[in-house]
Amino acid sequence: MNEELATKRPISMRRYFRHFTNYWLTDASFGILLLILLFTVFVLPILIEYGHVHMLFVNAVFLFLFFTGIWSSKKQVFIFLTTGLFFTQLGLRILRFSDIPVEFYLLERIVGIMNMMVFIMLNFRLLFRDREVNFYRVVGAINVYLSVAILGAFVFEIIHLTTGSSIQGVDRQLVGLDDDFSEYIYFSMVSLTTVGFGDLYPINIMSKMLSVFLSTIGILYPAVVIAKLVGESRR
């Protein structure tokens with residue numbers, strides 16, 4: 001009896017794991033991913049600003065995003081790439097939050113940008129696979145849009161870390177660490193949506209060009225994606 005239970009348990013675990021991995025290749029996964037991205041872009045910055053969340057949790061949210069990227073493709077080359085980037089990112093963040101007096105914050109952020117770029121590419125591939133158009137594909141298009149905003153926030157932080165400045169505003173001093181994510185994602189979204197409130201602004205040429213680049217994507221992306229989805233729906 002015990003041997004039968006021991007045999008069934010691994011089979012059951014493998015089945016659940018297979019369901020989990022296959023789920024991220026379905027259209028339904030776009031819905032869960034949208035909730036995660038909405039939380040990351042709109043709720044997490046508020047929690048950070050008012051000190052209601054530990055930075056360990058903030059990093060765990062990003063790691064979970066990168067973790068889902070591992071299962072967003074069946075191609076081995078992408079699986080190896082996303083797995084390698086994820087565990088590199090995980091190792092660097094463990095170093096930072098451990099008692100070991102060594103950290104590689106800049107490298108961690110560079111790997112994070114690479115992770116986010118691959119994540120966006122994989123979700124864009126899933127968006128237009130099989131030439132099918134449905135509600136979930138529209139949600140997937142929103143996911144890519146929000147992911148670009150997060151990528152922009154990471155790049156603004158990298159610019160700050162490498163040059164000493166990126167964006168600034170009245171009575172706002174940025175230090176280029178996790179605590180500034182709320183400002184970076186806010187300005188990234190403001191640039192992407194071409195709102196331009198003016199309370200924050202880029203102060204060096206790289207930040208200015210990034211801001212303009214995000215604004216260009218914000219204008220072109222909806223038009224291109226809508227045209228593509230409409231075109232696919234008519235076939």
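Where does Glu103 lie? The legends below take up this question and then visit other parts of the model, which is a predicted one.

**View 1. Glu103 sits in a loop between two helices.** Glu103 is found in the loop that runs between α4 (76-97) and α5 (105-127). With a relative accessibility of 45%, this residue counts as partly exposed, because that class covers values between 20% and 50%. For a sense of distance, pick out Ile226 as well: Glu103 and Ile226 are separated by 123 residues in sequence and by 43 Å in space, C-alpha to C-alpha.

**View 2. The whole protein, for orientation.** The protein has eight helices and two strands, and from the N terminus on its elements follow the order α-α-α-α-α-α-β-α-β-α. Along the principal axes, the C-alpha trace spans about 70 × 55 × 30 Å. Of the 235 residues in the protein, 46% are buried. If you take the contacts between residues at least 6 apart in sequence, 71% of them join residues at least 24 apart.

**View 3. Helices α6 and α7 pack against each other.** Two packed helices are described by the angle between their axes and by the distance between those axes. Here, α6 (residues 135-163) and α7 pack at an angle of about 125°, and their axes are 8 Å apart. The two helices are therefore oblique to each other, and α6 passes α7 in a right-handed crossing. On the α6 side, residues making the contact include Tyr145, Leu146, Phe154, Phe156 and His160. On the α7 side, Phe181, Tyr184, Phe187 and Leu192 are among them. Sorted by kind, the residues of this α6 and α7 contact come to 14 nonpolar, three polar and one charged.

View 4. Is Asp171 buried or exposed? Its relative accessibility is 78%, so Asp171 counts as exposed.

**View 5. Tyr23 and Trp24 form an aromatic pair.** Counting rings whose centres lie within 6.5 Å gives 15 aromatic pairs. In one of these, the ring centres of Tyr23 and Trp24 are 5.4 Å apart and the planes meet at 80°, so the pair is edge-to-face. Tyr23 is partly exposed, at 29% relative accessibility, whereas Trp24 is buried, with a relative accessible area of 6%. Both rings also belong to a cluster: ring pairs link Phe20, Tyr23, Trp24, Phe64, Phe67, Trp71, Phe86 and Phe87.

**View 6. Phe39 and Phe57 join two helices.** Which helices hold Phe39 and Phe57? Phe39 lies in α2 (residues 29-49) and Phe57 in α3 (residues 55-70), so their pair ties together parts that are 18 residues apart in sequence. The two rings are 6.1 Å apart, centre to centre, with 85° between the planes, and the pair is edge-to-face. Phe39 is partly exposed at 27% relative accessibility, and Phe57 is partly exposed with a relative accessible area of 40%.

Notes:
Residues are numbered from 1 along each chain as its sequence is written. This is a predicted model: local features need pLDDT of at least 70, side-chain atom pairs count only at pLDDT 80 or more; totals for chains, interfaces and linings use all residues. Side-chain values use heavy atoms; hydrogens and water are left out. Buried means under 20% relative accessible area, exposed over 50%, partly exposed in between (1.4 Å probe, protein chains only). Axes are lines fitted to C-alpha atoms, for helices over the stretch in contact, and angles run from 0 to 180 degrees between N-to-C directions. Helices (H or I, at least four residues) and strands (E, at least two) are DSSP runs, numbered from the N terminus. Angles under 35 degrees count as roughly parallel, over 145 as roughly antiparallel, 65 to 115 as roughly perpendicular and the rest as oblique. A crossing is left-handed if the near helix is turned anticlockwise from the far one by less than a right angle, and right-handed if clockwise. Contact means heavy atoms within 4.5 Å. Ala, Val, Leu, Ile, Met, Phe, Trp, Tyr, Cys and Pro count as nonpolar, Asp, Glu, Lys and Arg as charged, and the others, Gly among them, as polar. Rings of Phe, Tyr and Trp (its six-membered ring) pair if their centres lie within 6.5 Å; planes under 30 degrees apart count as stacked, over 60 as edge-to-face and the rest as tilted.
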